[in-house]
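The sequence and structure are shown first.

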Amino acid sequence: MAAEGQAAEWIYALPTVNAALNTASAFCLAAGYVFIKRGDRSRHRAAMIAAVVCSTVFLASYVTYHLNVGSVKFVEPAGLRPYYLGMLATHVVLAVAIVP
């Protein structure tokens, strides 16, 4: 860990990594849907496993980032903040609802 109160420089690249991992997971899910519709069970399975791996690496990266940086307030652009908070609220509600 970096000096107290200061995160290592590479930590600040993690939000971009997280976005890439989420995008990769979404593509894997979409591909899996196409594969199962075509009856290709083996490729569907591979796509679903890849999506789970991407999501698991995302979770590790997300937790690592927030353990090092802490809470980050949405500031700019101010006009998008209400949309962000609305999306965040639905995300939190759905994340809690899906917990088994």
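## Cysteines

The structure holds zero disulfides, a disulfide being a pair of cysteine sulfur atoms within 2.5 Å. The sulfur of C28 lies 4.7 Å from that of C54, its closest cysteine sulfur, which is too far for a bond. C28 is buried at 17% relative accessible area, and C54 is buried at 15% (buried is under 20%, exposed over 50%, partly exposed in between; 1.4 Å probe, protein chains only).

## Basis of the model

The model is predicted: local features need pLDDT of at least 70 and side-chain atom pairs count only at pLDDT 80 or more, while totals for chains, interfaces and linings use all residues. Residues are numbered from 1 along each chain as its sequence is written, and side-chain values use heavy atoms, with hydrogens and water left out.

## Position S25

S25 belongs to helix α1 (residues 14-37); helices are DSSP runs of H or I with at least four residues, numbered from the N terminus. With 7% relative accessibility, S25 is buried. Leaving aside residues up to four places away in sequence, S25 touches A51, C54 and S55, where contact means heavy atoms within 4.5 Å.

## Nonpolar surface patch

L59, Y62, V63 and L67 make a nonpolar surface patch of about 400 Å². Accessible areas come from the Shrake-Rupley method with a 1.4 Å probe.

Y62 is located in helix α2 (residues 41-69) and is partly exposed, at 38% relative accessibility.

Conventions. Patch = residues over 30% accessible without salt bridge, like charges linked within 9 Å, V, L, I, M, F, W, Y side chains within 5 Å. Salt bridge = Lys/Arg side-chain N within 4 Å of Asp/Glu carboxyl O. Helix = DSSP H or I, 4+ residues; strand = E, 2+ residues; numbered from the N terminus.
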